[in-house]
Amino acid sequence: MSSYGSAWRGLPRPQLASLLLLGLAVVFANIRQPYPEIAPLQHLPTVLLLLAAPPLLRRWPLSDAAIVGLLLFWLLHTLGGRYTYSNVPYDAWAVALTGHSIGGTLGLVRNGYDRFVHLAFGLLWVAPVAQAMHRHASMGRRAGVWTAFLFVGAMSAFYEIFEWLLTILIAPDMADEYNGQQGDAWDPQKDMAIALFGAALAAIWLWPRRNDAA
């Protein structure tokens, strides 16, 4: 336990603040939770991550910038988890602020928040994974970026399979709400494709020049 406590105390202040902010976000996301039956499935991975993060970062440290990128992704996920993704009321918020809906402006026929978070997964995870590969797996920068791109594809596929198995085995009556398919039979494939699109954009942005590829 003392070792675990020292892992928390040993974190750089910006990273400690990031973890505490994410913990507070999970707490607030569950106040007057509108979908209490689904909420545990949505937020349990985030809680497990928060518990595991200090010793993992002590063993494999990352830069503050990498942690902020991951924090942004998990904050987006936490917001989606509050509303089971399919019901995030971003259109109502946009109308209240601007008088126009995002869905109407973009011509969306479904709630697109889940697709936005899949895109963010690709955009925000490539840099931290590439950094980890370079720092802790002795990869060159180009190999690290390529591995990060493949990581996004593999994790996207793994998550879609996990999501399917979890709802079928544990909560089959809530499968459609938890998976957020919104009646689209091709939803998993589209989710994976948009995550890879985001990862490709991030990889292109990060792809090192010849003189810093080592």
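Q: Where does isoleucine 31 lie?
A: Isoleucine 31 lies in the loop between α2 and α3. Helices here are DSSP runs (H or I, at least four residues), numbered from the N terminus. This is a predicted model: local features need pLDDT of at least 70, side-chain atom pairs count only at pLDDT 80 or more, and totals for chains, interfaces and linings use all residues. Residues are numbered from 1 along each chain as its sequence is written, and side-chain values use heavy atoms, leaving out hydrogens and water.

Q: How does isoleucine 31 count, buried or exposed or partly exposed?
A: Isoleucine 31 counts as partly exposed because its relative accessibility is 43%. Buried means under 20% relative accessible area, exposed over 50%, and partly exposed in between (1.4 Å probe, protein chains only).

Q: New topic. Where is threonine 46?
A: Threonine 46 is in helix α3, residues 39–59. Threonine 46 is buried, at 0% relative accessible area.

Q: And what does threonine 46 touch?
A: Leu22, Val26, Trp74, His77 and Thr78, leaving aside residues up to four places away in sequence. Contact means heavy atoms within 4.5 Å.

Q: Which residues of the largest nonpolar core touch the most other members?
A: Of its 32 residues, they are Leu62, Phe73, Tyr113, Phe121, Trp125, Val126 and Val152. The core is a set of buried Ala, Val, Leu, Ile, Met, Phe, Trp, Tyr and Cys residues joined through side-chain atoms within 4.5 Å.

Q: Which helix gives the largest share of this core?
A: α7, with eight residues.

Note on methods
Helices (H or I, at least four residues) and strands (E, at least two) are DSSP runs, numbered from the N terminus.
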